[in-house]
Amino acid sequence: MRQKVVSLVLCYLLLNTCGCEETEESDSGFWGTLTYMAVGGGLMATALPALGFTSTGIAANSVAASLMSWSAVANGGGVPAGGLVAMLQSLGANGGSALMAKIGALLGYTVHKQIESRGKERADEE
């Protein structure tokens, strides 16, 4: 259900940017937004496996292994169900990269809009 909501929001944002006017001086508009969304989505999709949360389990000598160790020490020897480490491993094992890519695309869209609005503010000041 959550993935469907994220997909719908991203589709809305993508369709919303299609109506933007493009100028020669900036990469605002559809293609600029699409670029930021693709980069953000790509980075977030590779984030979990790069940290060590893989489909085969937590990779040895990784950030995930360190988090698991800290979590076990903090909780008396066991990693709590529903905790941060358990949630991230669940996402890594169940193909959570698709969800992370959608979140990354949303973050990319947000960053693009912030940069675009700051550029407009600076242009208005001049």
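Helix 2 is followed by Gly52, whose phi is positive, near 110 degrees. This is a predicted model, where local features need pLDDT of at least 70, side-chain atom pairs count only at pLDDT 80 or more, and totals for chains, interfaces and linings use all residues. Residues are numbered from 1 along each chain as its sequence is written, and side-chain values use heavy atoms, leaving out hydrogens and water.

Helices are DSSP runs (H or I, at least four residues), numbered from the N terminus. Helix 2 covers residues 30-51, 22 residues in total. From first C-alpha to last, helix 2 reaches 32 Å, close to the 32 Å expected at 1.5 Å a residue. That expected span is 1.5 Å times one less than the number of residues. Buried residues of helix 2 include Gly40, Gly41 and Leu48.

Leu48 also belongs to the largest nonpolar core, which has 8 residues, among them Phe53 and Leu88. Such a core is a set of buried Ala, Val, Leu, Ile, Met, Phe, Trp, Tyr and Cys residues joined through side-chain atoms within 4.5 Å. Helix 4 (84-93) and helix 5 each give two or more residues to this core.

Helix 5 (residues 97-125) also holds Lys113 and Glu116, 3 residues apart. Their side chains meet in a salt bridge (3.2 Å, N to O). The term means a side-chain nitrogen of Lys or Arg within 4 Å of a carboxyl oxygen of Asp or Glu. Buried means under 20% relative accessible area, exposed over 50%, partly exposed in between (1.4 Å probe, protein chains only).

| Residue | Relative accessible area | Class |
|---|---|---|
| Lys113 | 21% | partly exposed |
| Glu116 | 16% | buried |
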